Amino acid sequence: MFGLSMALSSEAMPVQTKSRSQSAIRATAAAFALLLIPAIFGGLYFLMQAEFAQVRELRSTTEQAIATRDDLQQLLIAHIDAETAVRGYVITQNPDFLQPYNASLERRERLFQILRQRLDPDLQPQLAALQQVSDTRWENLRANLADVRAGRVDAARRRTASGAGKALMDDIRDRIARIDRTALDKIQGLSAAVTGSRAGVEKAVTTLMIGLGLLLLVVAVVTGRSLHQRREALARVKRLADRQKAMFEGAVDPMLLLDSEGRILRMNPSVSRMFGYEEHELLHRHNTVLMESRFTLEQSMAWLASVGEAGAHGAGRRQEFTGRCKDGSTFETEIAISRFISDGEHQYVVAIRDITDRKRAEKMKNEFVSTVSHELRTPLTSIGGSLGLLSAGAVGPLNEKAQRLVTIAHSNCERLIRLINDILDIEKIESGKMEFDHRRMQVAPLVQRTASAMRGFAEQHRVRIAVDLPTVPESVVGDPDRLEQLLTNLMSNAIKHSPEGAQVEVSVRRDGDMTRIEVADRGAGIPLDFRKRIFGKFAMADASDSRAKGGTGLGLSIVREIAQHHGGDVGFADREGGGTIFFVTIPRIEDNLPERPERNGKHRLPKVLHVDDDLDCLNVVSSAFAERAEIVSCGSLDQAHELVASQRFAAAIIDIDMHSEDGLRLIPQLREAQPNVPILLFTALDSGYTDTGADKVLVKSRASIGDLVSETMRLIAASKRKAA
Amino acid sequence: MRVLYVDDEPDIREIAEISLGLDPQFEVRTAPSGEAALALVEQWVPDVALFDVMMPGMDGPQLLARMRERPALANLPVIFVTARAQRSELQDFARLDSVGVIAKPFDPVTLAAQVRSLAR
């Protein structure tokens, strides 16, 4: 599953970066288009508006011009009507003929008034001239009328026949025609101008439309490409999902997908094969249904919460569990679990492996190793014992050659014993079976003890050992025997590789949060090609080395395992002036406790009950009390009640509120069984436990384990005094 | 000081006898089995006893339990000798009312001194 998520990310990443830059370009294009399109529409609107205004103006001007021409025609007709009417009256003297004349007179006045208002200023002079001629003509007509009325018909006829009237009429007709033509020309000019500007507008509109079209094309292309890419990305995601599904469904090992609380969200067919449940029987149930009950639901969830995320460092976790099938049968499994985030929620992917065969093989191997160790050690005891006695002269002196041969046999026998011990150690460490008896301890005595134990070996090699210890004691939590083994290995390496007469320097110093132990030699240094595998198993600089130095090639490998089991590490560096410095770092602790009395077989340690559901806390407290009290650790209240009923304790340490179980319920029972037993509450909850019946309340966040130890020992001593 | 050594391996019995005999104050007797040891202590009460852990028939811890049944041996300091030097087992033996454990192969030259220091 790690591989899967990596495959997903490795394929998705370049696509993402690529599409990121492309999407930036697309966004810019879209913004540009968004700005351009309204601008184009605005331009179009403006042009159309101008065009419409011009058309409207043209129409009104044209209408006006037509009306003007009509008026001019009317004016001409009014003159002709008046002339005809007057001529008829002159000939017939019938007043009926004068009717059109009177109407014309009135019309002439009105028409001139209209034309004066309507005609352009540049035509006004022509209009005024026309009116003058018209007035003259009208004078002429009026004179004729006056002559006829006065009975001078002949005078009127003469005037009419003289042609003066006709000449005036022609002049009037001519002037009207001229004004009319001017008005007509104006309309035509205007129309031409409008036609010209319309052509410009049409050109502009066409250009804008083409621009708009191009923009739309660009948008279409960009969108199309983006859609294509999205389709491709979707297809890729689908391929990955299919692949992932195939890997999940097709995995030989059962696999589960759990939600943040450990309920089963998905499972593959192998789960059904291994556990006998159908899919619908398991979905949405808690994963503990598949385990032989070891944990409560709360513990299981707390465990889940401690699982790391899948990642390059593989922060997931492996753990062995006993699996339980639907039919109730059980088998050993190893699960690999890792967390990931899906839709903002933690989910877990779990691969389960049946390790029944492996367990069986492990058991056989352990039995084999144990048997071999016994079967090899028994004859070696005889051989080594015999040679040791001979070589030590226990049965009398040997001649020189015999002594030499016995010494060779004896030292090789010892080497064989070391080899067996180292192999067994490595095997135990690697299978997690090496037990570490961690306790609070000082480093200086350990170094001194080891150095003095190594002095004999150093003298054989004509090497001196110098020890440099800090003035302030350095304390660590560790297994003294294993740390001595570690230091012995480092010092014996340093001694073996030192030239005669040289000095091996062992020093202890503080290095931040760590205590650093250094072993420096003046040897030939470590060959470059050996540096990478120096901590590997059976690692020796060259084949002849082991014979020369009598090593097993496992020493540094054991050193590293031990250092790492202590939360530290081991390394080396070239030493200035020649040689090598090997160093071990181990987390240091503040030592605020008085030195503990040495273990004494006859001395009974006080027995202290510790009830806590946190396994880590139980372990820490137990190691902190080592050598000062015998801690009886207990993880549940039920068990605690049984222990209180069956054993006597010098003191009790109780964690309040062990999830749902309230630790306080234990106190009355303890008091009843042992009225004077000191009771300490050691709790993570910091909320006024005043009236609990306990002798002391310590809050985990404020009191150190050291405080807990000293307070407990103080209360035990006080209660002993009271009893005495 | 009477020292009893019980082991089913004759070679180791012999070497142990010589090794312990290096201490001039030790009077050493050996027995090849738990039964033989129980018979021996009827007439010869030791001051300290070393039992091999793995023996056919009655093993070391069983022999210790049988010896404790006798009032004369109730406080006898017993040391286990084992070729199975597994730490957890060492601790188990230490709990079984013994004064200590010596791992095989032992150092023949210092064996007597080790016994002295544990039995004290």
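A charge is taken to sit over a ring if NZ of Lys or CZ of Arg is within 6 Å of the ring centre and within 35 degrees of the ring normal. The legends below describe a predicted model.

**Figure 1. Charged groups over aromatic rings in chain A.** A:Arg516 is placed over the face of A:Phe583, with a distance of 4.0 Å to the ring centre. In a further contact, the ring of A:Trp138 has the charged end of A:Arg108 over it, 5.2 Å from the ring centre.

**Figure 2. The aromatic pair of A:Phe275 and A:Phe331.** Six aromatic pairs are found over all chains in a search of the whole structure. One of them is the tilted pair of A:Phe275 and A:Phe331, with 5.4 Å from centre to centre and 50° between the planes. A:Phe275 belongs to helix α6 (residues 269-275) of chain A and A:Phe331 to strand β4 (residues 330-342) of chain A, so the pair ties together parts 56 residues apart in sequence. A:Phe275 is buried at a relative accessible area of 3%, and A:Phe331 is buried at 11%.

**Figure 3. The aromatic pair of B:Phe51 and B:Phe80.** The ring centres of B:Phe51 and B:Phe80 lie 6.5 Å apart with the planes at 70°, so this pair is edge-to-face. Strand β3 (residues 48-52) of chain B contains B:Phe51 and strand β4 (residues 78-82) of chain B contains B:Phe80; the pair therefore ties together parts 29 residues apart in sequence. B:Phe51 is buried, with a relative accessible area of 0%, and B:Phe80 is buried, also at 0%.

**Figure 4. An aromatic cluster in chain A.** One aromatic cluster is formed by A:Phe535, A:Phe572 and A:Phe582.

Definitions and conventions. Residues are numbered from 1 along each chain as its sequence is written. Chains are lettered from A and ligands numbered from 1 in the order in which they are written. This is a predicted model: local features need pLDDT of at least 70, side-chain atom pairs count only at pLDDT 80 or more; totals for chains, interfaces and linings use all residues. Side-chain values use heavy atoms; hydrogens and water are left out. Rings of Phe, Tyr and Trp (its six-membered ring) pair if their centres lie within 6.5 Å; planes under 30 degrees apart count as stacked, over 60 as edge-to-face and the rest as tilted. Helices (H or I, at least four residues) and strands (E, at least two) are DSSP runs, numbered from the N terminus. Buried means under 20% relative accessible area, exposed over 50%, partly exposed in between (1.4 Å probe, protein chains only).
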